[in-house]
Amino acid sequence: MTSQHNKTSVAAISIFASGGMAAAKFVVGIAIGSLALISEALHSAIDLVATIITWAVVRVSDKPADEEHHYGHGKLESVSALGVTALLYVLAGGILVEAYSRLREGTQPPTISAVPFVVLVIDIAVNLWRARALHRAARETRSQALAADALHFASDVMGSSAVIVGLVLAGLGFWWGDAAAAAAVAVMIALLGLRMAGSTVQTLVDRAPEGAQEKAKAAIRSVPGVIEVERLRVRMVGATTFIDTIAKVPRTYPIDRVEDIKHNAELAVSKAFGDADLTFMAIPVARNNETVRDRIMVIARNSGLAIHHVTVHDLGAKLIVGIDLEVDGEMRLDSAHDVANTLERNIQEEFGADVEVDVHIEPLEPELPFGVDAPPERVQTIAAALTEFAGEGEIHDIHNVRVRNTEAGEIVNFHCRAAPSMSVIRVHEHVDAIERALRRAFPSVKRVISHAEPPRV
């Protein structure tokens, strides 16, 4: 909202300045008979028209995207700049024709007095102030329309300087000085129009800004999880940089992690470009460091299957794979067997027909099994049993024991401690022995979940 107010206020001030200086130069030019001053007045009149158009356009260009303009309204600034360029060329052509006519026919030089010089000096001062203000606003808001307006007023300074030179020459007796100055103004207008047309057309045909593609690629590649940027396209619409990219990400990542990558990529390009709009398409690809277990998990996830306890043994000439597959407990055995066979075939397609796959089918645990906390005395009994089974071994300090009664049986959770130097394998073996002993002693226990942690510091 601040940038929009800044653009419209600067453009509105320029309208009054353009109108006042154009009228002053035109009146004085007619009074003294100076084609150069009249030409510069007409140039300022075109600037006035351009400024009015700019003032109107910037009030619309910052409007957000809607149902008909999916990329916003920023291109209106480019269209307006192209229209002003056409007016400049019409003016330059008319001035050149008149200057040529006067040079050929030899007209009387203008009447020289201090008035035109005062008007031109004031005009130069005003245009320098306006060009600086517009250039600053254009740079802050990345407005092509304001940048074109700033270029107009900078050219006005050169045009007014050329008129002063022409009037000085005429005052010194060179009758052709005024017409030559008018021709110089026309040439400067034409060169200005050429420069404006080049940048405006490039924007309208969606030419990528210089260095923008490399800058965007670097920003996206810096995001953790992005393997490579496969394709990237950049274009400008008003002050907004639109970036479309296809990036490779690890296929082993879950969907929520891929979404984090997209979000971080948006933050990265916004930091690099300011006002940026990123369209990010992720392509899951296999990495060179994927393990056999990783690849099997991907196969299961792509089939929508829940698996766990994946074991892989390499016998040199053959892979032996064991998997626990969870299916709906109410599913018929023949249907569950078909699911298991499909999983086995998919794994063999990935690793070769000679891979040996054994799938253990088990019922899927319900997501929200109904349960209630067991009575305190039952918790104390289970806790005492866990402490007894742990004994004086490497697993000790059984604590935070919880017991819940569910429709499927009792579920026991407990925490324990082990030496920090112990390997995970050794900890798991000892804890697993305690869990098995508990289930043997208490057949009603359906599941035991343990959490091993190092001693308190």
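In what order do the four strands of the open sheet stand, and what is the pairing?

1. The order is S7-S8-S9-S10, with mixed pairing; strands (E, at least two residues) and helices (H or I, at least four) are DSSP runs numbered from the N terminus, and two strands pair if DSSP finds at least two bridges between them. Strands S7 (371–373) and S10 (445–453) are at the edges with a single partner strand each, so one side of each has no neighbour in the sheet. From one strand to the next the twist averages 25°.

2. This is a predicted model: local features need pLDDT of at least 70, side-chain atom pairs count only at pLDDT 80 or more, and totals for chains, interfaces and linings use all residues. Residues are numbered from 1 along each chain as its sequence is written, and side-chain values use heavy atoms, leaving out hydrogens and water.

3. Eight bridges join S9 (residues 409–417) to S10 in the parallel sense. Ile 411 is opposite Arg 447 in S10.

4. Helix H11 (residues 376–390) packs on the sheet and touches S8 (396–406) and S9; contact means heavy atoms within 4.5 Å. The direction of H11 makes about 140° with that of S8; axes are lines fitted to C-alpha atoms, for helices over the stretch in contact, with angles from 0 to 180 degrees between N-to-C directions. Helix H12 (residues 424–441) lies across S9 and S10, at about 150° to S10.

5. Leu 172 is in the loop between helices H5 (144–171) and H6 (177–204). Its relative accessible area is 62%, so Leu 172 counts as exposed (over 50%; buried is under 20%, partly exposed in between; 1.4 Å probe, protein chains only).
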